[in-house]
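Hi,

Here's the structure I promised to pass on.

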Amino acid sequence: MGLKFTPTVLEGGRIHLKVAPEVSELSQTGSPFTTIGGETAVLPSFTTRRVQTSVQLMDGQSLAIAGLIKNNITQAADKVPGLGEVPVMGALFRSSEFQADRSELMFVITPRLIKPLDQNYMLPTDSFTPPSRSEFYFGNKQEGAGHEDVPADRRNAPAMLTPLSPVPAATGGMEVK
């Protein structure tokens with residue numbers, strides 16, 4: 001299952017959204033091939049269902065895409081050996097079982113416009129200082145003790161970002177206790 005999308009912000013806060021969801025599953029059939037040992041094996045294949053659309057939405061509006069339908073019917077036949085092959089009476093010694101597998105997948109997409117972070121916003125990694133070798137090897141510290149390079153007015157800033165804020169790619173340390 002995957003969802004590819006390309007958002008473009010237009011004037012007036014509108015969002016042009018190209019959406020392409022897809023669902024893949026292991027197919028019941030495959031390609032037979034002969035192995036080195038002379039045995040025949042089946043190379044599995046995938047069945048993929050795709051849809052693609054584009055839409056213009058305002059901030060917070062939702063788009064629902066449905067219709068990726070799977071409808072598989074399988075049949076299993078059982079028979080009594082020998083008696084199941086008799087032309088007319090063999091039907092009494094055979095049984096067939098049908099199994100239906102039906103499902104439909106639905107995607108609900110809600111684009112949101114976010115505002116950039118303040119220029120002086122303190123990230124959780126801003127106060128990271130690398131530990132000395134002795135602190136790392138003998139004290140099992142992942143972060144150094146001093147935070148002198150962080151201004152005093154930013155030391156007590158909230159360390160958590162809101163879920164809708166962009167999270168910059170940064171590395172940081174973690175203290176193991």
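Below is what turned up, starting with the overall fold and ending with a few residues.

A quick note before that: this is a predicted model, so local features need pLDDT of at least 70 and side-chain atom pairs count only at pLDDT 80 or more, while totals for chains, interfaces and linings use all residues. Residues are numbered from 1 along each chain as its sequence is written, and side-chain values use heavy atoms, with hydrogens and water left out.

**The whole protein**

You'll find one helix and six strands, in the order β-β-β-β-β-β-α along the sequence. Helices (H or I, at least four residues) and strands (E, at least two) are DSSP runs, numbered from the N terminus. Of the 177 residues, 14% are buried; that word means under 20% relative accessible area, with exposed being over 50% and partly exposed in between (1.4 Å probe, protein chains only). Now for contacts, meaning heavy atoms within 4.5 Å: among those between residues at least 6 apart in sequence, 56% join residues at least 24 apart.

**The largest pocket**

A pocket here is an open set of points on a 1 Å grid over the protein atoms alone, where a 1.4 Å probe fits, with protein on both sides within 12 Å along at least five of seven lines; lining residues have an atom within 4 Å of a point. The largest one holds about 170 Å³ of space, the volume being the space filled by probe spheres set on the points, which are joined across faces, edges and corners. Its lining includes Leu 3, Phe 5, Ile 15 and Arg 112.

Phe 136 counts as partly exposed because its relative accessibility is 34%, whereas Tyr 137 is exposed at 56%.

**Leu 10**

Leu 10 sits in the loop between β1 and β2. Leaving aside residues up to four places away in sequence, Leu 10 touches His 16 and Gln 56. Leu 10 and Gln 56 are 46 residues apart in sequence, yet 9.1 Å apart in space, C-alpha to C-alpha.

Cheers
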